[in-house]
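The exercises below are for a reader who is meeting this structure for the first time. Try each task before reading its solution.

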Amino acid sequence: MRVDVRDNNVEQALRVLKKRMQREGVFREMRLREHFEKPSVKRAREKAEGVRRVRKMARKKLERENGTAAPKKINAPAR
């Protein structure tokens, strides 16, 4: 990954670098690799992420079609 520094503005270049790294998921991957993750835990996490991603896309699609925000799910009180 390459970021150009213009007019000796290092702070600006650092901000651009951090934003690119965030977008590509470098920070998230570093956090996940700090400790060993069992294969069964990894599969469960990836499956849950996929479910969340699909639900989010469906919610966004519904919002675009209706032109309004979809109602949020209300959790029942714990017993």
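**Exercise 1. A network of charges**

Task: Find which residues are linked with Arg28 in a network of salt bridges.

Solution. The network links Arg28, Glu37, Arg45 and Glu49. The model is a predicted one, and the structure holds 5 salt bridges.

Step 1. Take glutamate 37, which forms a salt bridge with arginine 45. The closest N and O atoms of this pair are 2.8 Å apart. Glutamate 37 has a relative accessibility of 21%. Buried means under 20%, so glutamate 37 counts as partly exposed.

Step 2. Arginine 45 also meets glutamate 49 in a salt bridge, with 3.1 Å from N to O. Both glutamate 49 and arginine 45 are buried.

Step 3. Ask why about one helical turn separates glutamate 49 and arginine 45. The two residues are 4 residues apart in helix 3, which covers residues 39–66, and therefore about one helical turn lies between them. An α-helix has 3.6 residues a turn, so residues three or four places apart point the same way.

**Exercise 2. Another salt bridge**

Task: State which residue pairs with arginine 33 in a salt bridge, and decide whether arginine 33 is buried or exposed.

Solution. 

Step 1. The partner of arginine 33 is glutamate 29, and their closest N and O atoms lie 2.8 Å apart. Side chains of opposite charge can pair when their charged atoms come close.

Step 2. Arginine 33 has a relative accessibility of 65%. The cut-off for exposed is over 50%, so arginine 33 counts as exposed.

Step 3. Glutamate 29 has a relative accessibility of 40%, and so glutamate 29 counts as partly exposed.

**Exercise 3. Helix 1 and its ends**

Task: Describe the length of helix 1, say which residue caps its N-terminal end, and name the residue that follows helix 1.

Solution. 

Step 1. Helix 1 runs over residues 10–24 and has 15 residues. From its first C-alpha to its last, helix 1 reaches 21 Å, close to the 21 Å expected at 1.5 Å a residue.

Step 2. The N-terminal cap of helix 1 is asparagine 9. A side-chain oxygen of asparagine 9 lies 3.3 Å from the backbone nitrogen of glutamine 12.

Step 3. After helix 1 comes glycine 25, with a positive phi near 85 degrees.

**Exercise 4. The chain as a whole**

Solution. 

Step 1. The secondary structure comes to 3 helices and 0 strands, in the pattern α-α-α along the sequence.

Step 2. Along the principal axes, the C-alpha atoms fill a box of roughly 55 × 40 × 25 Å.

Step 3. Of the 79 residues, 6% count as buried. The chain exposes about 8,200 Å², and carbon and sulfur atoms supply 52% of that area.

**Exercise 5. Domains and distances**

Task: Find how far apart the C-alpha centres of domain 1 and domain 2 lie, then look at two residue pairs.

Solution. 

Step 1. Domain 1 covers 1–34 and domain 2 covers 37–65. Their C-alpha centres lie 26 Å apart.

Step 2. Arginine 55 is in helix 3 and is exposed, with a relative accessible area of 59%. Arginine 55 and arginine 2 are 53 residues apart in sequence and 34 Å apart in space, C-alpha to C-alpha.

Step 3. Arginine 20 lies in helix 1 and is partly exposed, with a relative accessible area of 32%. Between arginine 20 and asparagine 75 there are 36 Å from C-alpha to C-alpha, and the two are 55 residues apart in sequence.

How values were computed: Residues numbered from 1 in each chain as written. Predicted model: local features only at pLDDT ≥ 70, side-chain atom pairs only at ≥ 80, totals over all residues. Heavy atoms only, no water. Domains from an automatic or database assignment. Expected span 1.5 Å × (residues − 1). Polar contact = N/O pair within 3.5 Å; in protein donor to acceptor, adjacent residues only side chain to side chain. Salt bridge = Lys/Arg side-chain N within 4 Å of Asp/Glu carboxyl O. Buried < 20%, exposed > 50% of the residue type's maximum accessible area, 1.4 Å probe, protein only. Areas by Shrake-Rupley, 256 points an atom, 1.4 Å probe, with all protein chains shown as cover.
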